[in-house]
Structure formats: C-alpha cells, structure tokens
Amino acid sequence: MRKDSVQKYRDIYGKRDSTSSPSTSLLPHSKLPILNRLVENYTNLESVRQVIHRDETKSVFTIKEPRRLNYKECINAFLKEYSLVEDWIENSFPAFAVLPHGQKSVLLRHFYLQFVLLEGGYFACRNGRSDITHLPSGDYIDCVHPETYYNDPDGLQPISAEDAANSFANYRRNVTNPMIRDQIDQFEFLALAALALFDTGLEGQSDECIEVCRRMRVTIQKEILQYCMMTRSELDSSIRMGNIMSILPNLQRAAQRMHEDMTLSNVMNAYSVDQKFYELGKL
C-alpha cells in the first residue's frame, strides 16, 4: 500500500477531543498509560481499516459481505495492512517513533508476521469461532478446509491437503487454541503485541535499540501485571500473568513454522509467495 494513501488518515491516531468523556472500556490512564493509548489507537486503526478495505466499486454505505480468501488474496490484504500497522505503532509508542529508520525496520520486520498470527487468535476469541480465521479486512480463511486457502487461481501446483492441514494445525495448537482457552481480551492481546514488537537480540539491532526495547518490555510487563491485579484476585492475577506470557514462545514457533513453510514452497514451487511478504516473515 502506498504510504500517501495512509497519510490522510494519520491524524486519526493520537488525536483527542477535550470535550468528550473518556471511554468506559478504558481503565484509569494514570495506571496503564501505555496500554490505554494502545487500545485507543487500535480502535482508530479498526475504523481506518473499514475504509481501506472497502469495495471501491460499491457505495461507502454498503455493508461488506465477508469472503473466503485464498493465500494470494490474503497476502495482498496483509501487504496493504503493513503501512497501517506501521502508522499505528508510530503513533502509539513515542519510544519507537524516535528510533532511527533502520532500527524501526529491524523491529517491524521481526514483528509483523507475529502480529498477523496474534491478531488472528484475538479475533477468534472476540468472535467465539475457531473454524475460521477472521482477517482485518473483514474476510476470512476457512480453517476446516485449509486446502481452499492454498488453492492457486493461476493454476500453479497447490500443496497437498495433508500438508495444508498440518500447517493450520500448528497455528491453532500454538496460538488460537491457547488464546481461546484463556479468553485473551483486548488489553492482553495488545500487551502481547507490544512485547513482540520490542524484542531484543535481533539481527541488525543496535545496542541503543536493545536498551530502548528492554525498558519498554519492563514497563509493559508492569502494566499488564497491574491490569491483572485490577481485574482478578492476587493469586489469580499471578497465574493469569504466567498464562499470558506463555503465549509469546508459542507465537514465535508458529511464525517460524509459517516462514519455513513459505521457504519450502518457494524451493518446491508448491505455491508462490510475494517476495515482500516473505521478507516480512523473517524472524
């Protein structure tokens, strides 16, 4: 997606109306400043998505009918999403916004595929369904018949139904099922997304960037622990915190498996993957 097509929506993020009352869904800003800002900006991101992903051949007042997408259509949608997510991050994290461009790219490339998978798990929690994977565009992937996802409209050899099922089973086992089991809510999902973003020890990451990420991770973990303590008993909050954090290594495994599948598909010519999306999937 061209950057200038996102630019006109940039002012949505971070803008506040001093005459409006704060959302009742938000907890006190003094206790959770980072997570509250992230939640507010995520709500704005979802509003922008409705415009970006709409069918331009139809009226803006027409309700979009969800469609089952194949992998090429999904990749196109996710590439369109990349600039939106980048803009959302820029406006949600001042510590990220001041990083050098090269360091931002290091974090974003490592983060984006994980965010795609994590958000799919959150959508499953929010919609109470694991038989389909909801997408930011409003469309979906059929998880019951994963071979339809790998169906290539250009006639290239698709992967076998068994391989498709194994790939989807790995994602559901590592991400969707744990998130549904623990009923991860929006605050928790966004905290996980923030922790995935501010990772350390990445290839090409500077010492200064590592220190920024380390400080951000400490602050975010303190906020999510505070959130757990505000919504649960002391004992339950500790268990909840542990369950939330255990999703991160699962998420990395799922993202790594997905990237390995894309690598193998390119070697075996099983199905083609857009090179830009392939590069975004590298961990």
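Cysteines and helix packing

The sulfur of Cys213 lies 4.1 Å from the closest cysteine sulfur, that of Cys209, which is too far for a bond. A disulfide requires a pair of cysteine sulfur atoms within 2.5 Å. The structure, which is a predicted model, holds zero disulfides. Cys213 is buried, and its relative accessible area is 0%. Cys125 is also buried, with a relative accessible area of 8%; a residue is counted as buried when this value is under 20%.

The protein chain contains 11 helices and two strands. Along the sequence these elements follow the pattern α-α-α-α-α-β-β-α-α-α-α-α-α. Of the 283 residues in the protein chain, 48% are buried. Contacts between residues at least 6 apart in sequence were also examined, and 75% of these join residues at least 24 apart.

Two packed helices are described by the angle between their axes and by the distance between those axes. Two such pairs involving helix α8 are described here.

Helix α8, residues 207-231, packs against helix α9, residues 234-245, at an angle of about 135 degrees, and the two axes are 8 Å apart. This angle makes α8 oblique to α9. The crossing of α8 and α9 is right-handed. On the α8 side, the contact is formed by Gln221, Ile224, Leu225, Cys228 and Met229, which meet Ser237, Arg240, Met241, Ile244 and Met245 of α9. Sorted by class, the residues in the contact of α8 with α9 comprise seven nonpolar, two polar and one charged.

Helix α2, residues 33-52, also packs with α8: the axes of α2 and α8 come within 8 Å and cross at roughly 85 degrees. Angles of 65 to 115 degrees count as roughly perpendicular, and α2 and α8 are therefore roughly perpendicular to each other. Helix α2 contributes Pro33, Ile34 and Leu35 to the contact, while α8 contributes Met216, Thr219, Ile220, Glu223 and Ile224. The contact of α2 with α8 consists of six nonpolar residues, one polar residue and one charged residue.

Ile224 of α8 takes part in both contacts, meeting residues of α9 as well as belonging to the contact with α2.

Methods. Residues are numbered from 1 along each chain as its sequence is written. This is a predicted model: local features need pLDDT of at least 70, side-chain atom pairs count only at pLDDT 80 or more; totals for chains, interfaces and linings use all residues. Side-chain values use heavy atoms; hydrogens and water are left out. Axes are lines fitted to C-alpha atoms, for helices over the stretch in contact, and angles run from 0 to 180 degrees between N-to-C directions. Helices (H or I, at least four residues) and strands (E, at least two) are DSSP runs, numbered from the N terminus. Angles under 35 degrees count as roughly parallel, over 145 as roughly antiparallel, 65 to 115 as roughly perpendicular and the rest as oblique. A crossing is left-handed if the near helix is turned anticlockwise from the far one by less than a right angle, and right-handed if clockwise. Contact means heavy atoms within 4.5 Å. Ala, Val, Leu, Ile, Met, Phe, Trp, Tyr, Cys and Pro count as nonpolar, Asp, Glu, Lys and Arg as charged, and the others, Gly among them, as polar. Buried means under 20% relative accessible area, exposed over 50%, partly exposed in between (1.4 Å probe, protein chains only).
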